[in-house]
Amino acid sequence: MRTGSVGAHHVRAVVLGAQRRGVDAGPLLARAGLPAELLAEPGAGGPDRVPSARFGRLVRLVWASLDDELIGFGGAPTRVGTFAMMGHVVVHGSRDLREALHRARAFYSLFPGGPGFRLVEPAAPTGECDGPDEARLEFDVSGYDDPLHFGVEATVLVAHRFAGWLVRRRIGLRRVEFAHAAPRHSAEYAPLFGAPCVFGARRTAAVFDRADLDEPVLRDADALKGFLRRAPDAMLVCSEWGSSATGRVRHLIGRALPAGPVPTPEELAERLSVSPQTLRRRLAAEGTTYQRVRDQVRRDHAIAELTAGRVSIERLSRRLGFSEPSAFHRAFRRWTGETPRAYRVRDGDAAPGSVPPPSSTRGQQG
């Protein structure tokens, strides 16, 4: 079961895309099982996070309403099914990641206003690389009408996650550069991308090891079908990033839950063969703390367990390390804007069948 969650900001961004095209967002939120309070301004008392599955329902509903995979933020509509067709072009015959990215670029160049990008290596006559072992995927988002930056974020995220999926391993990013200034929700970026993020850059780009381009493509058309079925929520949530301190800490805490107690900072440092002070410095350099990562993991486990209905709320609070159920209730309300019991009832009432079923040409994107 997927345990990820998505910030309320991204819900507001998706809803904005629908509203700008004249679509009433209220019914879409209801069908996705999301409360209208999510549209409140930050700090106004609305929920902070939503389950990735519900967010995925909302995105698919908006896709179906607009017939646009970029939800109105691109320079021109990108019809639903475009990404699926690109995926088929890429998995049929690409020998390595380099060829796959070039094929994807050529495909999208046929659709003006879509997500244009180019691959830049050190030997290229244009573009910038800081060293011979670095490659860049540079995105042309100059035509985006994207006030909340969701279109840009999603474009970079999908490209990165799809590239990793093609070669069956995570592509470690050295950094991600954004041409726009740091937004109010900039704290979301590092967990999403698993790398330092730079704002106000000359171009929007994902920077990674050049050697990754030589990785063979290991996916086929059958695997692509499963990948598309899991879109978009599988790619628009935080992932486990094994090469970062945050990712390793998150992984170790996640392994301990829900069977055992949450490891202390000292226990985590011992397992990672570093001192507690070094671990604290590394987390700070990635813009987070032990307490923040711990609460993110507990939040996601709570959401997963309540959605599944496998354990009582009282027992769940003990599993997650809360001293008493009331403390868990307060924390859960802070995370989601609802009590655990209200959340469980709402999730049970949400109708997954209300989302149009995916097919090879509609309702699928990555």
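In which sense do E4 and strand E7 (residues 204-209) pair, and over how many bridges?

Mentor: E4 and E7 pair in the antiparallel sense, over six bridges. A word on the source comes before the details: this is a predicted model, in which local features need pLDDT of at least 70, side-chain atom pairs count only at pLDDT 80 or more, and totals for chains, interfaces and linings use all residues. Residues are numbered from 1 along each chain as its sequence is written, and side-chain values use heavy atoms, with hydrogens and water left out.

Strands (E, at least two residues) and helices (H or I, at least four) are DSSP runs, numbered from the N terminus. Two strands are said to pair if DSSP finds at least two bridges between them.

Strand E4 covers residues 134-140. E4 also pairs with strand E3 (residues 116-120), again in the antiparallel sense, over five bridges. Here Leu137 in E4 stands opposite Leu119.

How much of E4 is covered? Six of the seven residues of E4 are buried, and the strand is thus mostly covered; buried means under 20% relative accessible area, exposed over 50%, and partly exposed in between (1.4 Å probe, protein chains only).

For comparison, consider a helix. Helix H3 (residues 52-66) has 15 residues, and H3 is likewise mostly covered, with 12 of its 15 residues buried. Among the buried residues of H3 are Phe55, Leu58 and Trp63. Just after H3, Asp67 takes a positive phi of about 50 degrees.

Methods: The expected span of a helix is 1.5 Å times one less than its number of residues.
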